[in-house]
Amino acid sequence: MRERKASVLVGVMVCVMLLSIEGVRAGLLDLFSSDGDRDTLPPLPPVPADYAGKHMPQSWWTDPKVLADGEKVYTGLVHREVNCSNCHGKNGQPKKKGARDLRNTKIVHRFSDSFWFWRVSEGVPKTKMKAWKKFLTEEQIWAVIAYEHTFSHNGQAVADIQTEVQPVAASGK
Ligand code: HEC
């Protein structure tokens, strides 16, 4: 009788363990895929007027020299205060909690070029994403954007930004 009780107890413990492992797994998954579906993503904030007219110089999305310069910015070789890969990982897979997964097309393909430029220049308030414009020239910012953009295209340079429409939030949030 006592043995039976003990085995029931072990069974219960195993179940609890499995459940908590599942909980941790779900939690981790949530952490890394919290960016979720396009449908559930909140609208992007509208690009401020100062930045709305900023556009990637023609042909830079796919220019090999620009991309090489962008990689240098990204990996901290241009300015030692600026190392995007410390948080965003070598290929866009986030290394720091909270950093966006720049490989995720659902996130990245919503960004217009002005949106990219605004965010990299001014950062995202109350996050580790700083305003990088104090260290980088406009050219360097465009270059690092062109380089980052390849992460959501399996490392290929693609000039498909026209389709990456940023829906403007009507509420002005
Ligand atoms: C210290 C860590 C850190 C560094 C270094 C960093 N970022 Fe970020 N970045 C973040 C975090 C955290 C977020 C997510 C902010 C948020 O919650 O929207 C982010 C978001 C972004 C976004 C998306 C913005 C948005 O509105 O969703 C882009 C694009 C980006 N970073 C580019 C860069 C570039 C380019 C560099 C280098 C010049 C860089 N980041 C350096 C932490 C970092």
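Me: What pLDDT does the chain average?
Reply: The chain averages a pLDDT of 83, and 75% of the residues score at least 70. pLDDT is the predictor's confidence in each residue, from 0 to 100. This is a predicted model, where local features need pLDDT of at least 70 and side-chain atom pairs count only at 80 or more, while totals for chains, interfaces and linings use all residues. Residues are numbered from 1 along each chain as its sequence is written.

Me: Where is confidence lowest, and where is it highest?
Reply: The lowest is helix H1 (residues 2–32), with a mean of 60, and the highest is H3, at 98. Over residues 27–38 the pLDDT is below 50. Beyond near neighbours in sequence, that stretch has nine contacts in the model. A contact is a pair of residues whose C-beta atoms, placed from the backbone, lie within 7 Å.

Me: What do I do with the low parts?
Reply: Where pLDDT is low, the predicted coordinates should not be read in detail.

Me: OK. How many helices and strands?
Reply: The chain has seven helices and zero strands. Helices (H or I, at least four residues) and strands (E, at least two) are DSSP runs, numbered from the N terminus.

Me: How much of the chain is buried?
Reply: Of its 173 residues, 24% count as buried. Buried means that 20 or more other C-beta atoms lie within 10 Å of the residue's own; exposed means 12 or fewer, and partly exposed is in between, with C-beta atoms placed from the backbone.

Me: Which residues touch the most other members of the largest nonpolar core?
Reply: Ile-141, Val-144, Ile-145 and Ala-146 do, in a core of 28 residues. H3, H6 and H7 each supply at least two residues of this core. Its largest share, seven residues, comes from H7. A nonpolar core here is a set of buried Ala, Val, Leu, Ile, Met, Phe, Trp, Tyr and Cys residues joined through C-beta atoms within 7 Å.

Me: Stay on H7. How many of its residues are buried?
Reply: H7 has 10 of its 12 residues buried. Among them are Gln-140, Trp-142, Glu-148 and His-149. H3 and H6 are included in what covers the buried residues of H7.

Me: What span should H7 have?
Reply: At 1.5 Å a residue, its 12 residues should span 16 Å, and the end C-alpha atoms are 17 Å apart, which agrees. The expected span is 1.5 Å times one less than the number of residues.

Me: And what is Ile-141 in contact with?
Reply: Leaving aside neighbours within four places in sequence, Ile-141 is in contact with Phe-117, Val-120, Ser-121, Trp-132, Lys-133 and Leu-136.

Me: Why is H6 called largely enclosed?
Reply: Seven of the 10 residues of H6 are buried, so the rest of the structure largely encloses this helix. The buried ones include Asp-113, Trp-116 and Arg-119. Helix H2 (49–52) and H7 are part of what covers them. Just after H6, Gly-123 takes a positive phi of about 75°.

Me: Which residue other than glycine has a positive phi near 70°?
Reply: Ser-59 has that value, and this residue lies in the loop between H2 and H3. Ser-59 is exposed, with 10 other C-beta atoms within 10 Å. Asn-154 also is not a glycine and has a positive phi, about 50°; Asn-154 sits in the segment after H7. Most residues other than glycine have a negative phi.

Me: Switching to the ligand. Which residues come nearest?
Reply: Of the 20 residues around the ligand, Cys-84, Cys-87, Thr-127, Lys-128 and Met-129 come nearest. A residue is near a molecule if its C-beta atom, placed from the backbone, lies within 6 Å of the molecule.

Me: What classes are in that shell?
Reply: The shell has 10 nonpolar, five polar and five charged residues. Ala, Val, Leu, Ile, Met, Phe, Trp, Tyr, Cys and Pro count as nonpolar, Asp, Glu, Lys and Arg as charged, and the others, Gly among them, as polar. Helix H4 (85–88), helix H6 (113–122) and helix H7 (138–149) each supply at least two residues of the shell.

Me: Last one: is Ala-68 buried or exposed?
Reply: Ala-68 counts as exposed because it has 11 C-beta neighbours inside 10 Å. Ala-68 belongs to helix H3 (residues 64–74). Its C-alpha atom is 9.6 Å from that of Ala-146, which is 78 residues away along the chain.

Note on methods
Contact = placed C-beta atoms within 7 Å.
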